[in-house]
Amino acid sequence: MTEMTIRVVLVVGLYVFIGNSGILSFGHVSFMSIGAYAFVWISCCTLPALKPLYLPGLPIVLQETALPSPAGIAAAAALAGGSALVIGSILMRLSGTAASIATFSLLAGQYALFRNWTGVTGGTSSLANVPVFMNSAIGTLLAIGAVLIAWLHHQSRYGLMLRAARDEQTASKASGVNVWLVRTIAFGLSGLIMGVGGAMQAGFLGIVTVDAFYLDVTFLTLAMLIVGGSGSLSGAVVGVIALTAVTEMLRRFEVGIHLGDALLALPRGFQEVGLGIVMILVMIFRPAGIMNGRELTVGHFRLKR
Amino acid sequence: MNAAVPPSLAAEAVSVTFDGLRAISGVSLTLEKGEILGLIGPNGAGKTTLVNCLSGFQLPTEGRVRLGGQDTVRWDAAAFRKAGVARTFQGGRLFRDMSVLDNVEVTGVALGLSRRAAQRKASELLDWMGIAQFAHQLAGTLPYTDERRVGIARALLMKPDFLLLDEPAAGMSDHECEQLTALIRIIRLEQGCGILLIEHNMAVVLGLCDRVHVLDGGRTLAQGRAAEVRNDRAVIDAYLGAEG
Ligand SMILES: Nc1ncnc2c1ncn2[C@@H]1O[C@H](COP(=O)(O)OP(=O)(O)OP(=O)(O)O)[C@@H](O)[C@H]1O
Ligand SMILES: [Mg+2]
């Protein structure tokens with residue numbers, strides 16, 4: 001459950017940019033990573049004496065601080081959001097497909113940087129003793145916050161102009177839309193949300209490693225967005241729930257289930273294969289995802305007009 | 001801009017070359033506020049390319065575009081729209097996954113209105129054009145005649161000074177053409193903008209336009225009052241004659 005709230009935040013973060021702009025990004029997990037490390041830099045460690053040993057490259061002030069978790073989350077949001085804004089302002093000069101490819105280089109570059117910046121990130125070794133603040137209540141609260149921000153952005157003028165540029169970039173310019181600007185804003189905001197997701201992850205596991213923020217999460221979160229349907233905010237949330245259910249089931253099968261006397265177990269690695277199969281099936285039978293661009297409606301209250 | 005002199009949108013000796021292919025060569029044309037200027041010519045004559053130049057989608061290889069006397073070299077398409085030059089597209093190009101109302105509203109927010117204000121203006125405009133019944137329909141589901149109207153509404157929001165229409169009647173029946181003609185006439189009357197109309201249907205052109213500019217192979221073949229151009233020998237040979 002708590003883990004699911006983290007995924008909701010991450011996938012909603014992806015939705016803000018990918019869903020509204022129609023540009024696939026493979027690089028957003030970079031901002032999750034930046035958020036997780038920002039949390040460590042501000043709020044680590046439960047044993048303060050460890051911090052200078054772990055991260056001798058940090059500025060002395062940071063080596064000596066271990067602020068409460070809310071400060072760490074705020075730092076994660078600020079640093080991830082800020083870097084996303086700067087990086088986005090550069091990447092959004094590129095057109096759709098070129099931008100997608102560039103986001104992939106962003107992921108690879110950020111990963112290599114953090115992996116080798118040993119004094120500041122611990123390099124390949126994992127950082128333990130990260131304060132654990134997450135529980136299902138806090139996770140739910142943050143997830144609701146992320147959905148709310150995404151919804152406000154969706155409803156805002158910037159969301160509207162961004163979707164116009166997604167549907168018809170040329171015509172959006174003829175309507176006076178500054179395509180670069182609306183894309184950059186969404187990139188920054190979604191980076192900010194990803195950063196909070198990173199802090200949540202750090203504060204859930206109590207341990208941070210660079211490898212936890214690379215291809216696996218990128219694939220899983222993108223799969224969730226696409227399976228649920230990147231055309232709507234509800235799709236993002238539904239995708240998380242659906243794929244969490246599927247992976248959970250596959251994990252149980254991998255461990256093995258008892259049928260009478262026999263232990264039935266799927267080969268290891270089937271979780272990933274199964275996820276891929278589910279994704280392909282959804283793409284074949286529902287190319288626009290489970291929600292197909294629609295929003296869930298509750299009475300007369302609709303998310304999307 | 002000087003309020004006393006009505007602004008005009010002008011191409012001055014504009015040429016555009018695509019990898020050695022000359023799409024238009026030395027074309028000059030002035031569109032005044034309040035007039036309807038027809039732009040005609042056979043397929044590939046360079047009409048769309050000229051409109052692209054006049055709306056910031058294409059930088060002229062030579063020559064320049066002026067709006068009310070201002071040079072526009074550094075302007076992009078959004079800047080043209082903000083300065084009052086609006087256009088439609090040959091293929092419609094609506095925002096397919098958005099409602100008709102949102103399609104029109106985009107222009108309002110892009111030009112600085114709040115969503116609420118832009119939505120009100122967009123609703124009023126759809127009402128005025130008699131297509132309010134489609135307001136909440138997805139634009140991608142409209143039949144093409146209504147699609148054209150939405151494209152025009154999108155361009156017309158925020159009262160542009162100049163409206164460039166790229167083949168708005170293509171594929172329409174005679175009856176639909178008449179309705180479109182009436183609409184364009186009312187737009188000129190009530191909004192007072194200068195309209196550049198690209199159109200193949202000569203009945204529509206002669207019925208609406210004060211002046212006509214004829215392109216052929218990227219060059220100006222003739223220009224002048226509609227009735228004169230209609231009887232121009234070269235035009236008949238090159239263009240009208242070809243249609244019968
Ligand atoms: N982006 C481009 N790149 C290369 N060539 C182009 C480009 N756009 C137009 N052309 C060429 O320029 C010439 C003029 O094209 P244009 O679209 O302006 O003609 P048009 O008068 O609008 O024709 P139509 O009546 O078919 O719409 C054509 O030969 C076309 O192939
Ligand atoms: Mg054309």
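A contact here means heavy atoms within 4.5 Å. On that basis, residues 24 or more positions apart account for 67% of the contacts in chain B with a separation of 6 or more.

This is a predicted model, in which local features need pLDDT of at least 70, side-chain atom pairs count only at pLDDT 80 or more, and totals for chains, interfaces and linings use all residues. Residues are numbered from 1 along each chain as its sequence is written, chains are lettered from A and ligands numbered from 1 in the order in which they are written, and side-chain values use heavy atoms, with hydrogens and water left out.

Take chain B as a whole. Its secondary structure comes to nine helices and 10 strands; these are DSSP runs, helices being H or I with at least four residues and strands E with at least two, numbered from the N terminus. The radius of gyration of chain B, taken over C-alpha atoms, is 18 Å, close to the 18 Å of the globule rule for 244 residues, so chain B is as compact as a globular protein of that length. That rule is 2.2 Å times the number of residues to the power 0.38. Along the principal axes, the C-alpha atoms fill a box of roughly 50 × 40 × 40 Å. Buried residues make up 54% of the 244, where buried means under 20% relative accessible area, exposed over 50% and partly exposed in between (1.4 Å probe, protein chains only).

Now the ligand. Ligand 1 has 13 residues around it, each with a heavy atom within 4 Å. B:Gly44, B:Lys47, B:Thr48, B:Thr49 and B:Gln90 come nearest. Helix H1 (47–54) and strand S2 (21–32) of chain B each supply at least two shell residues. The largest share, three residues, comes from H1(B).

Polar contacts are pairs of N or O atoms within 3.5 Å. A polar backbone atom of B:Ala45 is 3.2 Å from a ligand oxygen. For a polar side-chain atom of B:Glu167 the distance to a ligand oxygen is 3.3 Å. An N or O atom in the B:His200 side chain is 3.4 Å from an oxygen of ligand 1. The protein covers 62% of the 630 Å² of accessible area that ligand 1 has on its own, by the Shrake-Rupley method with a 1.4 Å probe.

Last, some backbone details. B:Met158 lies in the loop between helix H5 (144–156) and strand S7 (162–166) of chain B. Its phi is near 70 degrees, positive in a residue other than glycine. B:Met158 is partly exposed, at 26% relative accessibility. B:Lys159 is found in the loop between H5 and S7 too. Its phi is also positive, about 45 degrees. B:Lys159 is exposed at 59%.

Methods:
Polar contact = N/O pair within 3.5 Å; in protein donor to acceptor, adjacent residues only side chain to side chain.
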